[in-house]
Amino acid sequence: TRAPRWARAYKFFPEQAETRVRDILIQVGRTGALTPVADLEPVHLRGSTISRATLHNEDEIRRKDIRIGDTVIIEKAGEVIPAVVRVVLEKRPAESQPFDFVQRLCGCCPACKGPVQRDPAFAVWICPNLHCPAQRTRRLEYFARRNALDLGGLGGIVAEKLVERGLVRDPLDLFELEKNGELAELLAALNLGTDTEPRVFGLKNATKLVEAIRRARSQGLARWLTAMAIPEVGETIAYDLAATHATLEDVALSPALKDVLERERLTRAVAELKRRQTAAKTVAKAAPPLKAEHEGTLEELKTARSQAENELLETEARLVAARFAKRSVRKTGPDGIVAVVGPVVAKAVLEYFAAPAGQQVLQHLAGLGIHPPGTTIEALPTGENAHPFSDKTFVLTGTLPTLSRGEASERIRAAGGNVTGSVSRKTDFVVAGESAGSKLEEAKRLGIPVLDQAALLALLAGGPVPATANQPETPAAPQGELFP
């Protein structure tokens, strides 16, 4: 074990509640995944009223044997997400029937009525229709998220109505309408209610949203990569890609991403050649008459392995030179680097932009005159003249006076720093605002420097790094008895 036996962490048993499953609904996500959701009788749990809980997938429903009408125990997974823990079998209705996922779907998507299929690699059913209205709505919502392009006012209902009324088929249509001067008028008259009970979006809300769309034109590459919802690319990876590429076109044709895939191929090739060498040596020892024949084979394998290892070293050298990888302090020789992203992400990004949908996005953006810039950390000084944030890890907590967390994170990353969500001994600074909670207490306990907004801005301007503060409090040794 890597941890001492006496060191144990305890968690409070999660608070649970009992309720009844009124129905099981099927929701369509932005990727086309069909997710079952339990419609529950509302119940109060840890400060909020819960009426929905995800059931994840068909296999999970079958494993827990969840049925419509069942009484279930729910809790908040991770103190946040409502989840069904188990069924109270003693209270199950006599007439209940097992839930049939396929039968409920009737072989078609609940939103577009098109055919569905089960992904053989995962326990999920997929609607492959990219023009499905539910997928369009979810993609538009994701596009407008605060950590993406931050289009304030474009929430779920607005996105749904824009798609439903045929005003927006693709998120970039918003910029097309704004470019033509039609968006403000269309948004102001948008009916968010029904035909019998109309509720218009209004001119004031429309004006704010149009201004947000105009601002989004000049947003950085990281936010645009996040908004595109590329498979395997979240907010952190988007910032890593933006920090090593100048434009979106550079990401689409990235030599560094291709080298990551080439490195993976060469690493596997070296391992396979090494295995074959070992096997050939074993056979040659076991069968001396065949030794001469295997000597030729061994020489060929040795040459091929040496060539593959040289190619691997050259590939790694290119990645390091492009600032897309760093030399590992624990490894040397082949496979002795740590790349910004792995082969799974590299493959997903290259395939996205190589596909017709990705090419269409690039063409559409070029037609709109939108060219998101990268953060270009290559321009940052290194060595003794490096920025104080270079390779430093920050954690944000609380509310800052004038900066949002997103803005503070962007400025820290632009200066070469990293932003994480939890405090550990590897954290260099904690930036605390008003109503800071447990993260601030943990920082004080570990002796991690705590900055307010003024100190953060001073550091961003190139000021000196403050000395370590808030040293951990060490309890005084008990006097007298050894075991008080």
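Strand S6 (117-119), strand S7 (124-126), helix H3 (133-143), helix H8 (221-227), helix H13 (343-354) and helix H14 (356-368) each put at least two residues into the lining of the largest pocket. Helices (H or I, at least four residues) and strands (E, at least two) here are DSSP runs, numbered from the N terminus. Keep in mind that this is a predicted model, where local features need pLDDT of at least 70, side-chain atom pairs count only at pLDDT 80 or more, and totals for chains, interfaces and linings use all residues. Residues are numbered from 1 along each chain as its sequence is written, and side-chain values use heavy atoms, with hydrogens and water left out.

**The largest pocket**
- The space inside comes to about 1,700 Å³, a volume being the space filled by probe spheres set on grid points joined across faces, edges and corners.
- A pocket is an open set of points on a 1 Å grid over the protein atoms alone, where a 1.4 Å probe fits, with protein on both sides within 12 Å along at least five of seven lines; lining residues have an atom within 4 Å of a point.
- Of its 44 lining residues, Arg 30, Thr 31, Leu 130, Arg 139 and Ala 229 lie nearest the centre.
- H3 gives the largest share of that lining, seven residues.

- Parallel pairing (at least two DSSP bridges between two strands) builds an open sheet in the order S11-S10-S12-S13.
- S11 (418-420) and S13 (450-451) are the edge strands with a single partner each, so one side of each has no neighbour in the sheet.
- S10 and S12 run parallel and are joined by four bridges, with Leu 396 opposite Val 431 in S12.
- S12 (residues 429-432) also pairs with S13 in the parallel sense, over two bridges; Val 430 sits opposite Val 450 there.
- S12 is covered on both faces, with Phe 429 and Val 431 on one side and Val 430 and Ala 432 on the other, all buried (under 20% relative accessible area, 1.4 Å probe, protein chains only).

**A helix on the sheet**
- Helix H15 (residues 405-414) lies across S10 (393-397) and S11, at about 170° to S10; axes are lines fitted to C-alpha atoms, for helices over the stretch in contact, and angles run from 0 to 180 degrees between N-to-C directions.

**Gln 277**
- Gln 277 is found in helix H11 (residues 255-286) and is buried, at 10% relative accessible area.
- Beyond neighbours within four places in sequence, Gln 277 is in contact (heavy atoms within 4.5 Å) with Leu 298, Leu 301, Lys 302 and Arg 305.

How values were computed. Buried < 20%, exposed > 50% of the residue type's maximum accessible area, 1.4 Å probe, protein only.
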